[in-house]
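User: Hi! Could you walk me through this one? I have a few quick questions.
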Amino acid sequence: FLSNQQIITPGVASLHRILEVNFSAEQWTFQWQSELPISPSIQLVAKSVSNGSASNNLVERWLVETSPVWSMQSVGSKPIFDVRKASLIPEWNPWPGESVELQFRRPSAVAGKLLTIQSLEHSLEVGSRQRKSKLSFEIESSLGGEQAIPIPTGATVSEMQVAGRSVPIRRQADEVLVNLQPGAQKVQIEWTEEIPVASVVSMPAIQMPEEVANIRTQMLMPASRWILWANGPQRGPAVRFWVILVVSLLAGWVLGSRIDSPLATWEWMLLMIGLTQVHIVSSLLIVAWLFSIRLRRRLDPESIGGFSFNFLQVSNVILTIVAIGLLIGVVTAGLLGTPRMFIVGNQSFEGNLNWFTPRSDRSLPQPWVLSVSIWYYRFLMLLWALWLANSLLEWLKEWW
(Lines give C-alpha, C1' and ligand atoms only; values in the text may rest on other atoms or scores of the structure.)
Protein backbone atom coordinates (compact mmCIF):
# COMPACT_ATOMS: atom_id res chain seq x y z
CA PHE A 1 0.00 0.00 0.00
CA LEU A 2 0.99 3.68 -0.19
CA SER A 3 3.70 5.13 1.98
CA ASN A 4 1.42 7.66 3.73
CA GLN A 5 -1.51 5.25 4.03
CA GLN A 6 -2.64 4.47 7.58
CA ILE A 7 -4.52 1.23 8.34
CA ILE A 8 -7.41 1.97 10.72
CA THR A 9 -8.99 -1.50 10.85
CA PRO A 10 -7.99 -3.09 14.16
CA GLY A 11 -6.20 -6.46 14.08
CA VAL A 12 -4.61 -5.97 10.66
CA ALA A 13 -0.81 -6.21 10.74
CA SER A 14 1.44 -4.34 8.32
CA LEU A 15 5.19 -4.08 8.00
CA HIS A 16 7.25 -2.04 5.53
CA ARG A 17 4.19 -1.17 3.43
CA ILE A 18 3.21 -4.83 3.19
CA LEU A 19 -0.07 -6.10 4.59
CA GLU A 20 -0.15 -9.58 6.05
CA VAL A 21 -3.46 -11.35 5.42
CA ASN A 22 -4.29 -14.80 6.78
CA PHE A 23 -7.20 -16.61 5.11
CA SER A 24 -9.00 -19.23 7.12
CA ALA A 25 -10.75 -22.27 5.65
CA GLU A 26 -13.69 -21.42 3.35
CA GLN A 27 -12.85 -17.66 3.53
CA TRP A 28 -13.24 -15.94 0.19
CA THR A 29 -12.92 -12.22 1.00
CA PHE A 30 -10.92 -9.92 3.22
CA GLN A 31 -11.32 -6.17 3.54
CA TRP A 32 -9.91 -3.34 5.59
CA GLN A 33 -10.10 0.42 5.86
CA SER A 34 -7.34 2.97 5.74
CA GLU A 35 -6.82 6.73 5.60
CA LEU A 36 -4.82 9.05 3.40
CA PRO A 37 -4.01 12.67 4.16
CA ILE A 38 -5.52 15.25 1.82
CA SER A 39 -3.13 15.88 -1.06
CA PRO A 40 -3.51 17.23 -4.60
CA SER A 41 -2.62 13.86 -6.20
CA ILE A 42 -2.24 10.14 -5.52
CA GLN A 43 0.00 7.75 -7.49
CA LEU A 44 -1.30 4.19 -7.87
CA VAL A 45 1.14 1.55 -9.20
CA ALA A 46 0.29 -2.10 -9.86
CA LYS A 47 2.76 -4.52 -8.28
CA SER A 48 5.28 -5.93 -10.73
CA VAL A 49 5.51 -9.70 -11.33
CA SER A 50 8.74 -11.41 -10.21
CA ASN A 51 9.67 -15.03 -10.81
CA GLY A 52 8.92 -17.25 -7.86
CA SER A 53 7.09 -14.42 -6.07
CA ALA A 54 3.65 -14.74 -4.60
CA SER A 55 2.63 -11.67 -6.59
CA ASN A 56 2.08 -13.91 -9.58
CA ASN A 57 -1.24 -14.87 -8.00
CA LEU A 58 -2.45 -11.27 -7.52
CA VAL A 59 -4.87 -9.44 -9.82
CA GLU A 60 -5.47 -5.79 -8.94
CA ARG A 61 -8.67 -3.83 -9.57
CA TRP A 62 -9.00 -0.16 -8.65
CA LEU A 63 -12.29 1.68 -8.17
CA VAL A 64 -12.38 5.32 -7.09
CA GLU A 65 -15.54 6.99 -5.85
CA THR A 66 -15.33 10.66 -4.87
CA SER A 67 -17.70 12.83 -2.90
CA PRO A 68 -19.46 15.76 -4.64
CA VAL A 69 -17.07 18.28 -3.05
CA TRP A 70 -14.10 16.90 -5.01
CA SER A 71 -13.35 16.88 -8.72
CA MET A 72 -11.02 14.11 -9.91
CA GLN A 73 -8.94 13.70 -13.07
CA SER A 74 -6.69 10.79 -14.01
CA VAL A 75 -3.38 10.80 -15.86
CA GLY A 76 -2.03 7.57 -17.30
CA SER A 77 -4.13 4.48 -17.87
CA LYS A 78 -7.67 5.24 -19.00
CA PRO A 79 -10.51 4.06 -16.76
CA ILE A 80 -13.56 2.07 -17.81
CA PHE A 81 -17.15 2.52 -16.64
CA ASP A 82 -19.76 -0.14 -15.99
CA VAL A 83 -23.04 1.18 -17.42
CA ARG A 84 -25.00 -1.51 -15.56
CA LYS A 85 -24.32 0.26 -12.25
CA ALA A 86 -26.47 3.08 -10.93
CA SER A 87 -23.52 5.49 -10.74
CA LEU A 88 -20.61 5.70 -13.17
CA ILE A 89 -17.55 4.89 -11.07
CA PRO A 90 -14.15 4.86 -12.83
CA GLU A 91 -12.51 1.45 -12.76
CA TRP A 92 -9.02 0.27 -13.65
CA ASN A 93 -7.82 -3.30 -14.28
CA PRO A 94 -4.07 -2.65 -14.53
CA TRP A 95 -1.40 -4.92 -15.82
CA PRO A 96 1.62 -5.44 -13.53
CA GLY A 97 3.74 -2.32 -13.48
CA GLU A 98 1.05 0.02 -14.87
CA SER A 99 0.30 3.22 -12.96
CA VAL A 100 -2.20 6.04 -12.85
CA GLU A 101 -2.06 9.44 -11.17
CA LEU A 102 -5.26 10.72 -9.58
CA GLN A 103 -5.49 14.50 -9.31
CA PHE A 104 -7.98 16.08 -6.93
CA ARG A 105 -9.21 19.61 -6.58
CA ARG A 106 -12.09 21.21 -4.74
CA PRO A 107 -14.36 23.17 -7.11
CA SER A 108 -14.53 26.84 -6.29
CA ALA A 109 -17.87 28.06 -4.95
CA VAL A 110 -19.99 30.32 -7.14
CA ALA A 111 -22.56 32.84 -6.08
CA GLY A 112 -26.06 31.39 -6.11
CA LYS A 113 -29.49 32.98 -6.33
CA LEU A 114 -31.73 33.39 -3.34
CA LEU A 115 -34.88 33.08 -5.46
CA THR A 116 -35.79 30.64 -8.22
CA ILE A 117 -39.06 30.82 -10.16
CA GLN A 118 -39.63 27.34 -11.58
CA SER A 119 -42.87 27.97 -13.50
CA LEU A 120 -45.38 30.77 -14.05
CA GLU A 121 -48.89 31.14 -15.44
CA HIS A 122 -50.18 34.54 -16.49
CA SER A 123 -53.77 34.80 -17.73
CA LEU A 124 -55.85 37.76 -18.88
CA GLU A 125 -59.63 37.69 -19.32
CA VAL A 126 -60.74 40.58 -21.52
CA GLY A 127 -64.21 42.04 -20.99
CA SER A 128 -66.09 44.89 -22.59
CA ARG A 129 -65.11 47.35 -19.85
CA GLN A 130 -62.94 45.37 -17.44
CA ARG A 131 -59.93 43.10 -17.58
CA LYS A 132 -59.20 40.37 -15.04
CA SER A 133 -55.64 39.14 -14.58
CA LYS A 134 -54.26 36.19 -12.62
CA LEU A 135 -50.58 35.62 -11.91
CA SER A 136 -49.60 32.24 -10.47
CA PHE A 137 -46.01 31.06 -10.05
CA GLU A 138 -43.92 28.44 -8.26
CA ILE A 139 -41.09 30.12 -6.36
CA GLU A 140 -38.31 28.68 -4.22
CA SER A 141 -36.68 30.93 -1.64
CA SER A 142 -33.44 30.15 0.21
CA LEU A 143 -33.81 32.65 3.02
CA GLY A 144 -37.42 33.77 2.83
CA GLY A 145 -38.44 37.31 3.49
CA GLU A 146 -40.56 39.97 1.83
CA GLN A 147 -40.71 40.31 -1.94
CA ALA A 148 -42.36 43.05 -4.00
CA ILE A 149 -44.28 42.06 -7.15
CA PRO A 150 -45.14 45.03 -9.43
CA ILE A 151 -48.68 45.20 -10.86
CA PRO A 152 -50.17 47.65 -13.41
CA THR A 153 -50.94 51.16 -12.25
CA GLY A 154 -54.54 51.56 -11.13
CA ALA A 155 -55.15 47.82 -10.76
CA THR A 156 -57.33 46.58 -7.89
CA VAL A 157 -56.01 43.43 -6.20
CA SER A 158 -58.91 41.12 -5.38
CA GLU A 159 -57.14 38.07 -3.93
CA MET A 160 -53.69 36.85 -2.96
CA GLN A 161 -52.67 33.33 -1.90
CA VAL A 162 -49.37 31.93 -0.67
CA ALA A 163 -48.92 28.15 -0.41
CA GLY A 164 -52.64 27.64 -0.99
CA ARG A 165 -53.74 29.96 1.86
CA SER A 166 -55.35 33.36 1.46
CA VAL A 167 -53.22 36.13 2.97
CA PRO A 168 -53.94 39.82 3.64
CA ILE A 169 -53.26 42.08 0.68
CA ARG A 170 -50.46 44.54 1.36
CA ARG A 171 -49.64 47.16 -1.24
CA GLN A 172 -46.91 49.72 -1.59
CA ALA A 173 -47.57 52.08 -4.51
CA ASP A 174 -47.79 49.83 -7.61
CA GLU A 175 -46.33 46.78 -5.85
CA VAL A 176 -47.81 43.89 -3.90
CA LEU A 177 -45.76 42.72 -0.90
CA VAL A 178 -45.50 38.93 -0.58
CA ASN A 179 -44.04 37.31 2.53
CA LEU A 180 -42.11 34.18 1.44
CA GLN A 181 -41.02 31.31 3.65
CA PRO A 182 -37.80 29.32 3.07
CA GLY A 183 -38.44 26.53 0.58
CA ALA A 184 -40.78 26.04 -2.36
CA GLN A 185 -44.26 27.59 -2.43
CA LYS A 186 -46.93 28.73 -4.86
CA VAL A 187 -48.03 32.36 -5.04
CA GLN A 188 -51.22 33.50 -6.76
CA ILE A 189 -52.30 37.12 -7.26
CA GLU A 190 -55.53 38.28 -8.93
CA TRP A 191 -56.42 41.84 -9.90
CA THR A 192 -58.81 43.77 -12.13
CA GLU A 193 -58.37 46.85 -14.33
CA GLU A 194 -61.08 49.20 -15.53
CA ILE A 195 -59.97 49.30 -19.18
CA PRO A 196 -62.48 49.09 -22.06
CA VAL A 197 -61.76 46.67 -24.87
CA ALA A 198 -59.68 48.05 -27.75
CA SER A 199 -58.58 46.95 -31.20
CA VAL A 200 -55.16 45.90 -29.88
CA VAL A 201 -55.07 44.12 -26.53
CA SER A 202 -51.74 43.12 -24.97
CA MET A 203 -50.75 41.41 -21.74
CA PRO A 204 -49.85 43.83 -18.93
CA ALA A 205 -46.16 44.51 -18.30
CA ILE A 206 -44.94 42.59 -15.23
CA GLN A 207 -41.43 42.63 -13.73
CA MET A 208 -40.59 39.57 -11.63
CA PRO A 209 -37.90 39.54 -8.90
CA GLU A 210 -35.77 37.00 -10.83
CA GLU A 211 -35.58 35.20 -14.15
CA VAL A 212 -38.52 32.93 -14.92
CA ALA A 213 -38.72 29.49 -16.53
CA ASN A 214 -41.67 27.64 -18.08
CA ILE A 215 -43.94 30.62 -18.70
CA ARG A 216 -47.52 29.97 -19.83
CA THR A 217 -49.50 32.98 -21.04
CA GLN A 218 -53.24 32.85 -21.70
CA MET A 219 -55.59 35.47 -23.14
CA LEU A 220 -59.36 34.96 -23.13
CA MET A 221 -61.17 37.13 -25.66
CA PRO A 222 -64.95 37.78 -25.46
CA ALA A 223 -67.34 36.35 -28.04
CA SER A 224 -68.20 39.90 -29.13
CA ARG A 225 -64.76 40.33 -30.75
CA TRP A 226 -63.60 39.21 -34.19
CA ILE A 227 -59.97 38.09 -33.80
CA LEU A 228 -57.91 39.09 -36.85
CA TRP A 229 -54.35 38.42 -35.72
CA ALA A 230 -52.33 37.18 -32.72
CA ASN A 231 -48.65 37.78 -32.06
CA GLY A 232 -46.30 36.66 -29.30
CA PRO A 233 -43.79 33.92 -28.49
CA GLN A 234 -43.13 31.45 -31.29
CA ARG A 235 -44.91 28.60 -29.51
CA GLY A 236 -48.40 30.05 -29.58
CA PRO A 237 -51.58 30.48 -31.65
CA ALA A 238 -51.67 31.17 -35.37
CA VAL A 239 -54.63 32.61 -37.30
CA ARG A 240 -54.85 30.32 -40.34
CA PHE A 241 -57.91 32.04 -41.85
CA TRP A 242 -55.88 34.38 -44.05
CA VAL A 243 -54.00 31.50 -45.66
CA ILE A 244 -57.27 29.67 -46.29
CA LEU A 245 -58.77 32.88 -47.73
CA VAL A 246 -55.89 33.30 -50.21
CA VAL A 247 -56.16 29.67 -51.28
CA SER A 248 -59.93 30.03 -51.70
CA LEU A 249 -59.53 33.14 -53.86
CA LEU A 250 -56.99 31.33 -56.02
CA ALA A 251 -59.41 28.41 -56.36
CA GLY A 252 -62.16 30.84 -57.43
CA TRP A 253 -59.85 32.39 -60.00
CA VAL A 254 -59.01 28.94 -61.41
CA LEU A 255 -62.69 27.94 -61.61
CA GLY A 256 -63.59 31.18 -63.33
CA SER A 257 -60.85 30.63 -65.92
CA ARG A 258 -62.47 27.42 -67.19
CA ILE A 259 -64.28 27.58 -70.51
CA ASP A 260 -67.31 25.68 -69.15
CA SER A 261 -67.50 27.78 -65.97
CA PRO A 262 -71.10 28.64 -65.00
CA LEU A 263 -69.99 31.78 -63.13
CA ALA A 264 -67.69 34.67 -63.82
CA THR A 265 -64.33 34.84 -62.06
CA TRP A 266 -65.41 37.58 -59.67
CA GLU A 267 -68.55 35.59 -58.79
CA TRP A 268 -66.51 32.51 -57.97
CA MET A 269 -64.15 34.56 -55.77
CA LEU A 270 -67.05 36.15 -53.89
CA LEU A 271 -68.66 32.75 -53.39
CA MET A 272 -65.39 31.26 -52.11
CA ILE A 273 -65.07 33.98 -49.47
CA GLY A 274 -68.28 32.80 -47.81
CA LEU A 275 -67.48 29.11 -48.28
CA THR A 276 -64.38 29.47 -46.08
CA GLN A 277 -66.73 29.09 -43.12
CA VAL A 278 -67.92 25.58 -44.06
CA HIS A 279 -66.21 22.24 -44.46
CA ILE A 280 -64.36 21.62 -47.71
CA VAL A 281 -66.77 18.76 -48.57
CA SER A 282 -69.69 21.18 -48.39
CA SER A 283 -67.84 23.61 -50.64
CA LEU A 284 -67.17 20.89 -53.20
CA LEU A 285 -70.87 19.92 -53.24
CA ILE A 286 -71.89 23.52 -53.97
CA VAL A 287 -69.28 23.79 -56.73
CA ALA A 288 -70.44 20.47 -58.20
CA TRP A 289 -74.07 21.68 -58.17
CA LEU A 290 -73.21 24.86 -60.09
CA PHE A 291 -71.29 22.89 -62.72
CA SER A 292 -74.16 20.37 -62.94
CA ILE A 293 -76.51 23.19 -64.00
CA ARG A 294 -74.31 24.06 -66.99
CA LEU A 295 -73.78 20.38 -67.82
CA ARG A 296 -77.52 19.59 -67.65
CA ARG A 297 -78.32 22.59 -69.89
CA ARG A 298 -76.03 21.24 -72.65
CA LEU A 299 -77.25 17.65 -72.34
CA ASP A 300 -79.68 16.35 -74.97
CA PRO A 301 -82.40 14.26 -73.21
CA GLU A 302 -83.06 12.22 -76.37
CA SER A 303 -79.45 10.95 -76.38
CA ILE A 304 -79.94 8.88 -73.20
CA GLY A 305 -82.45 6.24 -72.16
CA GLY A 306 -85.55 6.80 -70.07
CA PHE A 307 -84.18 5.26 -66.89
CA SER A 308 -80.91 7.21 -67.12
CA PHE A 309 -82.83 10.41 -67.78
CA ASN A 310 -85.09 9.94 -64.74
CA PHE A 311 -82.11 9.04 -62.54
CA LEU A 312 -80.27 12.17 -63.70
CA GLN A 313 -83.26 14.38 -63.00
CA VAL A 314 -83.83 12.97 -59.49
CA SER A 315 -80.12 13.21 -58.65
CA ASN A 316 -80.06 16.80 -59.84
CA VAL A 317 -83.03 17.69 -57.63
CA ILE A 318 -81.42 16.04 -54.58
CA LEU A 319 -78.12 17.82 -55.21
CA THR A 320 -79.96 21.12 -55.57
CA ILE A 321 -81.75 20.67 -52.24
CA VAL A 322 -78.47 19.79 -50.51
CA ALA A 323 -76.65 22.77 -52.04
CA ILE A 324 -79.41 25.23 -51.09
CA GLY A 325 -79.45 23.85 -47.55
CA LEU A 326 -75.69 24.30 -47.27
CA LEU A 327 -75.90 27.89 -48.54
CA ILE A 328 -78.66 28.67 -46.03
CA GLY A 329 -76.46 27.19 -43.30
CA VAL A 330 -73.55 29.42 -44.35
CA VAL A 331 -75.74 32.53 -44.22
CA THR A 332 -77.26 31.57 -40.87
CA ALA A 333 -73.87 30.88 -39.31
CA GLY A 334 -72.47 34.12 -40.68
CA LEU A 335 -75.31 36.32 -39.44
CA LEU A 336 -75.92 34.64 -36.07
CA GLY A 337 -72.76 32.70 -35.20
CA THR A 338 -69.10 33.51 -34.71
CA PRO A 339 -66.50 33.50 -37.51
CA ARG A 340 -64.19 30.52 -37.89
CA MET A 341 -60.68 31.99 -37.97
CA PHE A 342 -59.00 28.56 -37.76
CA ILE A 343 -56.90 29.47 -34.74
CA VAL A 344 -54.55 26.59 -33.87
CA GLY A 345 -51.29 26.12 -31.98
CA ASN A 346 -50.39 25.28 -28.37
CA GLN A 347 -53.93 24.12 -27.55
CA SER A 348 -55.43 27.42 -28.69
CA PHE A 349 -58.86 27.84 -30.26
CA GLU A 350 -61.41 30.56 -30.98
CA GLY A 351 -61.27 33.08 -28.12
CA ASN A 352 -58.75 31.07 -26.06
CA LEU A 353 -55.14 31.93 -26.94
CA ASN A 354 -52.18 30.24 -25.25
CA TRP A 355 -48.45 30.92 -25.50
CA PHE A 356 -45.45 29.15 -23.95
CA THR A 357 -41.98 30.54 -23.28
CA PRO A 358 -39.31 28.16 -21.91
CA ARG A 359 -37.22 30.92 -20.32
CA SER A 360 -37.36 34.67 -19.91
CA ASP A 361 -35.64 37.46 -18.06
CA ARG A 362 -37.43 39.40 -15.35
CA SER A 363 -39.85 40.93 -17.88
CA LEU A 364 -42.73 38.61 -18.72
CA PRO A 365 -43.75 38.17 -22.37
CA GLN A 366 -46.40 40.57 -23.70
CA PRO A 367 -48.25 38.92 -26.59
CA TRP A 368 -50.95 40.99 -28.25
CA VAL A 369 -54.15 40.38 -30.23
CA LEU A 370 -55.73 42.45 -32.99
CA SER A 371 -59.53 42.30 -33.06
CA VAL A 372 -62.59 44.29 -34.06
CA SER A 373 -66.25 44.13 -33.12
CA ILE A 374 -68.12 41.04 -34.28
CA TRP A 375 -70.64 43.35 -35.95
CA TYR A 376 -68.10 44.17 -38.66
CA TYR A 377 -68.04 40.49 -39.60
CA ARG A 378 -71.83 40.22 -39.51
CA PHE A 379 -72.22 43.35 -41.66
CA LEU A 380 -69.86 41.90 -44.27
CA MET A 381 -71.72 38.59 -44.13
CA LEU A 382 -75.01 40.48 -44.58
CA LEU A 383 -73.69 42.08 -47.78
CA TRP A 384 -72.47 38.67 -48.93
CA ALA A 385 -75.86 37.10 -48.10
CA LEU A 386 -77.71 39.77 -50.10
CA TRP A 387 -75.45 39.14 -53.08
CA LEU A 388 -75.91 35.39 -52.66
CA ALA A 389 -79.72 35.69 -52.50
CA ASN A 390 -79.80 37.73 -55.71
CA SER A 391 -77.39 35.38 -57.48
CA LEU A 392 -79.18 32.28 -56.20
CA LEU A 393 -82.40 33.41 -57.89
CA GLU A 394 -80.56 33.64 -61.21
CA TRP A 395 -78.93 30.22 -60.67
CA LEU A 396 -82.31 28.64 -59.85
CA LYS A 397 -83.93 30.17 -62.95
CA GLU A 398 -81.23 28.62 -65.10
CA TRP A 399 -81.57 25.34 -63.21
CA TRP A 400 -85.37 25.30 -63.70
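User: Which residue forms a salt bridge with arginine 170, and how far apart are the closest N and O atoms?
Analyst: Glutamate 146 does, with the closest N and O atoms 2.6 Å apart. A salt bridge here is a side-chain nitrogen of Lys or Arg within 4 Å of a carboxyl oxygen of Asp or Glu. Please keep in mind that this is a predicted model: local features need pLDDT of at least 70 and side-chain atom pairs count only at pLDDT 80 or more, while totals for chains, interfaces and linings use all residues. Residues are numbered from 1 along each chain as its sequence is written, and side-chain values use heavy atoms, with hydrogens and water left out.

User: Where do those two sit?
Analyst: Arginine 170 lies in the loop between β14 and β15, and glutamate 146 is in strand β12, so the pair ties together parts 24 residues apart in sequence. Helices (H or I, at least four residues) and strands (E, at least two) are DSSP runs, numbered from the N terminus.

User: How many salt bridges are there in the whole structure?
Analyst: The search finds five. Another one of them joins arginine 359 and glutamate 211, with the closest N and O atoms 2.8 Å apart. Arginine 359 is in strand β23 and glutamate 211 in the loop between β18 and β19, so this pair ties together parts 148 residues apart in sequence.

User: Is arginine 359 buried or exposed?
Analyst: Arginine 359 is exposed, at 55% relative accessibility. Buried means under 20% relative accessible area, exposed over 50%, and partly exposed in between (1.4 Å probe, protein chains only). Glutamate 211 is partly exposed, at 34%.

User: Switching to helices, which residues of α1 are buried?
Analyst: They are Phe241, Leu245, Ser248, Gly252, Leu255 and Gly256. Seen down the axis of α1, these buried residues fall within an arc of 90 degrees, so they line one face of the helix. That arc is taken from the directions from the helix axis to the C-beta atoms.

User: What do they pack against?
Analyst: The buried residues of α1 pack against β21, α2 and α3, where contact means heavy atoms within 4.5 Å.

User: And what's on the face of α1 turned away from the buried side?
Analyst: That face carries the exposed residues Val243, Leu250 and Trp253.

User: Last one: which strand holds serine 133, and is serine 133 buried or exposed?
Analyst: Serine 133 is in strand β11 and is buried, with a relative accessible area of 4%. Leaving out residues up to four places away in sequence, serine 133 touches several residues, including Ser123, Ile189 and Trp191.
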